[in-house]
Amino acid sequence: MSKYLDDTTDHSVPIGQATPAPRGPSAYLLVIAGPSFGEMHKLKGDRSVLGRDDSAEVRLLDDGISRAHAAVERDGGKFVLRDLDSTNGTFCNGARIRRCDLTDGDKVALGASTILKFTFQDQADERYQKQLFESALRDGLTATFNRRYFTDRLRTEMRFAERHDKSLALLFVDIDHFKKINDSYGHQAGDYVLAAVAREMIATIRAEDVLSRYGGEEFAIICREIDPEGARALGERLRVAVSRKQFEHEGKLIAVTISVGVAVVRGPRDAQPLIAAADAAMYEAKRSGRDRVVLHKS
């Protein structure tokens, strides 16, 4: 998921006290291309490691990036980019480097497709960048990732699964009788249900899972390294969480259930068969009575 700095500081000043000076700009790496597009990483401390490892301060999911690929270090008043003996090399403004000083606006390329921009941001810049990238990555109503991000991320996860011979699961989730909800309670109630179901799913899935609004009342969840039974169990947890939730809009209770289709493959090479399998399983769940989970039989 994207990492943003939320400005929650209370900036109010008691009467009679001087207004504090604005905070100076901070150094950031903005992901402007690649699977982690839109992430905004503030460089804290004297050293920030860039890589795929969970312990990296700037974690990037591009499969061509080493676990500890590069680092940005403070050297007095300067910021220095160093390659950490990465497999595919570190590039700054198109040139492969072992070490280089960074200046505002420099482009850092890692892996197959990831490009980061080194920049200094003040508070106004931070808020603007957050809004800009949120609008590019997120569905405005549900706060889940949008279909564009889903497509890019699925491609990345498939490359990882194929390269490492790992399993990859895709869950399609559809809100049952959604048109009836809109017709009976109004479109504002329908929007409320979409956002509330999304919140339930966000609270239920793993931190590493990717939840996107696929279209209309349909959601898609990408799950790395999970077997068919584990994926089916996740689908069941989602189904139960939604069915037990009380959805109330303007004093009216709305009964909501979901149908979940699950497909799991190992070392996939093509996204379309996986999407088609999850979609077929979801429609089988709806045809067989709704409010249920169906695992596609490969």
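This is a predicted model: local features need pLDDT of at least 70, side-chain atom pairs count only at pLDDT 80 or more; totals for chains, interfaces and linings use all residues.

Colleague: Okay, what is the strand order in the open sheet of six strands?

Modeller: The order is β2-β1-β11-β10-β7-β8, with antiparallel pairing, where two strands pair if DSSP finds at least two bridges between them, and where helices (H or I, at least four residues) and strands (E, at least two) are DSSP runs numbered from the N terminus. At the edges are β2 (40–42) and β8 (95–97), each of which pairs on one side only. Neighbouring strands of this sheet are turned by 30° against each other on average, direction ignored; axes here are lines fitted to C-alpha atoms, for helices over the stretch in contact, and angles run from 0 to 180 degrees between N-to-C directions.

Colleague: How many bridges join β10 to β11?

Modeller: Four bridges join β10 (residues 107–110) to β11 (residues 114–121), and the two run antiparallel; A109 stands opposite I115 in β11.

Colleague: And the open sheet of five strands, what is its order?

Modeller: That one reads β13-β14-β12-β17-β18, with mixed pairing, and its edge strands are β13 (210–215) and β18 (293–295). Within it, β12 (residues 167–175) and β14 (residues 218–224) pair in the antiparallel sense over seven bridges, and F172 has A220 in β14 as its bridge partner.

Colleague: Which strands does α2 touch there?

Modeller: Helix α2 packs on the sheet, touching β12, β13 and β14 (contact means heavy atoms within 4.5 Å), and its direction makes about 25° with that of β14. Helix α6 (residues 271–287) lies across β12, β13, β14, β17 (258–266) and β18, running at about 150° to β17.

Colleague: Switching topic, what lines the largest pocket?

Modeller: The lining has 23 residues, of which D54, R59, L61, E208 and R224 lie nearest the pocket's centre. Helix α2 (residues 147–164) gives the largest share of that lining, four residues. A pocket here is an open set of points on a 1 Å grid over the protein atoms alone, where a 1.4 Å probe fits, with protein on both sides within 12 Å along at least five of seven lines, and lining residues have an atom within 4 Å of a point.

Conventions: Residues are numbered from 1 along each chain as its sequence is written. Side-chain values use heavy atoms; hydrogens and water are left out.
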